[in-house]
Amino acid sequence: MRTRLSVCARKRRHASEQDAIAAAILANIVLRPYRCERCGQFHLTSRTKGKRPLPGTVVAAPASID
Ligand SMILES: [Zn+2]
């Protein structure tokens, strides 16, 4: 994933993936950590398409059950 500089500049940076994961778990929305090519640190994204959720993460929107 290519990160734009403007995105990098306004996002929170996490020094390690573990830090990013911890922050993602604390947030009440589904976030995924990814490594930024710009700063070499980790940011969180709410774009989870095509990515597996974090282990232990509760997905906010429950699937409808027939
Ligand atoms: Zn960055």
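Q: Which residues coordinate the zinc ion, and through which atoms?
A: Please note that this is a predicted model. The zinc ion is held by the SG atoms of Cys8, Cys36 and Cys39 together with the NE2 atom of His43, at 2.1 to 2.4 Å. Along the sequence, these donor residues follow the spacing C-x27-C-x2-C-x3-H.

Q: What is the geometry of the site of the zinc ion?
A: For four tetrahedral donors, the ideal angle at a metal is 109.5 degrees. Here the angles among the four donor atoms are 106 to 115°, and the site is tetrahedral.

Q: Which parts of the chain does the pair of cysteine 8 and cysteine 39 tie together?
A: Cysteine 8 belongs to helix α1 (residues 5–10), while cysteine 39 sits in the loop between β1 (32–35) and β2 (42–45), so the pair links parts that lie 31 residues apart in sequence. Cysteine 8 counts as buried because its relative accessibility is 2%, whereas cysteine 39, at 26%, is partly exposed.

Q: How many helices and strands are there in the chain, and in what order do the elements run?
A: The chain has two helices and two strands. Read from the N terminus, the order is α-α-β-β.

Q: Which residues of helix α2 are buried, and where do they lie around its axis?
A: An α-helix has 3.6 residues a turn, so residues three or four places apart point the same way. In helix α2 (residues 17–26), the buried residues are Ala20, Ile21, Ala23 and Ala24. Viewed down the axis of α2, they fall within an arc of 165° and therefore line one face of the helix. The exposed residues Gln18 and Leu26 are carried on the face turned away from that buried side. The cover over the buried residues of α2 includes β1 and β2.

Q: In what sense do β1 and β2 pair?
A: The two strands, β1 and β2, pair in the antiparallel sense over four bridges. Arginine 35, for instance, has phenylalanine 42 of β2 as its bridge partner. The hairpin has six residues between the strands, and glycine 40 in this hairpin adopts a positive phi near 75°.

Q: Which way do the residues of β2 point, and are they buried or exposed?
A: In a regular strand the side chains alternate between the two faces of the sheet. From β2, Phe42 and Leu44 point one way and His43 and Thr45 the other, and all are buried.

Q: What share of the chain as a whole counts as buried?
A: Of its 66 residues, 29% count as buried. The chain exposes about 5,300 Å², of which carbon and sulfur atoms supply 51%.

Key:
Residues numbered from 1 in each chain as written. Predicted model: local features only at pLDDT ≥ 70, side-chain atom pairs only at ≥ 80, totals over all residues. Heavy atoms only, no water. Donors = N, O, S within 2.8 Å, 3.2 Å for Na, K, Ca; no water. Tetrahedral: all angles 85-135°; square planar, octahedral: opposite > 155°, others 65-115°. Buried < 20%, exposed > 50% of the residue type's maximum accessible area, 1.4 Å probe, protein only. Areas by Shrake-Rupley, 256 points an atom, 1.4 Å probe, with all protein chains shown as cover. Arc of directions from axis to C-beta. Contact = heavy atoms within 4.5 Å. Pairing = 2+ DSSP bridges.
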